[in-house]
Amino acid sequence: METKELICIGCPMGCPLTVEVTQNEVSKVTGNTCPKGDAYARKEVTNPTRIVTSTIKVEGSRRRFISVKTKEDIPKDKIFACMQEINTIRAKAPVAVGDVLLEDVAGTKVAVVATKPAEPAQEDI
């Protein structure tokens, strides 16, 4: 049996969790004060995932950069590959919140979407 110590991020409580793992399966979770802690611990130990947030350059707008994120969480071991692909993206204004800027990041079948808008630059009159 292996024991892992985690801090839950499922809710604002931040409970200290103890996870017992037997033969690569979670056998017991303690320390959680709500069901989210149990679910978080089981997922974090067996299949850790994260939502990735970053910024990309925008052309044709006064806003030089906009924030982006993965639409869903991706496997933790794909974060660096995801960031390499995000760093190659360039958007052209106009961009709306929710626009898909990359369909399938790092082979995860998860899209990268805009989380800030970028309006076209206004010509000086």
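Start by selecting Thr-70, which sits in strand 6 (helices, H or I of at least four residues, and strands, E of at least two, are DSSP runs numbered from the N terminus). Before going on: this is a predicted model, where local features need pLDDT of at least 70, side-chain atom pairs count only at pLDDT 80 or more, and totals for chains, interfaces and linings use all residues. Residues are numbered from 1 along each chain as its sequence is written, and side-chain values use heavy atoms, with hydrogens and water left out.

**Around Thr-70**

Is Thr-70 buried or exposed? Thr-70 counts as buried because its relative accessibility is 0% (buried is under 20% relative accessible area, exposed over 50%, partly exposed in between, with a 1.4 Å probe and protein chains only). Now show its contacts, meaning heavy atoms within 4.5 Å. Leaving aside neighbours within four places in sequence, Thr-70 touches Arg-50, Ile-51, Val-52, Cys-82, Val-105, Val-110, Ala-111 and Val-112. Pick out Val-52: it is 18 residues away along the chain, yet the two C-alpha atoms are separated by 5.5 Å.

Next, colour the five strands of the open sheet, ordered 8-5-6-10-9 with mixed pairing (two strands pair if DSSP finds at least two bridges between them). Strand 8 (90-92) and strand 9 (100-102) are at the edges with a single partner strand each, so one side of each has no neighbour in the sheet. On average, neighbouring strands here are turned by 45° against each other, direction ignored (axes are lines fitted to C-alpha atoms, for helices over the stretch in contact, and angles run from 0 to 180 degrees between N-to-C directions).

Walk across the pairs:

- Strand 5 and strand 8 run parallel, joined by three bridges; look for Glu-59 opposite Lys-92 in strand 8.
- Strand 5 and strand 6 are antiparallel, with five bridges; Ile-56 has Ile-66 in strand 6 as its bridge partner.
- Their hairpin has five residues between the strands, and Gly-60 there takes a positive phi near 80°.
- Strand 9 and strand 10 (residues 112-114) run antiparallel over two bridges, with Leu-102 partnered by Val-112 in strand 10.

**Helix 1**

Jump to helix 1 (residues 35-46), where the buried residues are Gly-37, Tyr-40, Ala-41 and Glu-44. They cover an arc of only 100° around the axis, so they lie on the same side of helix 1 (the arc is that of the directions from the helix axis to the C-beta atoms). Their cover includes strand 1 (2-7), strand 2 (16-22), strand 3 (25-30) and strand 4 (49-50).

**Last stop: Gly-31**

Finish in the loop between strand 3 and helix 1, at Gly-31. With 40% relative accessibility, Gly-31 counts as partly exposed. Beyond neighbours within four places in sequence, Gly-31 is in contact with Cys-15, Pro-16 and Leu-17.
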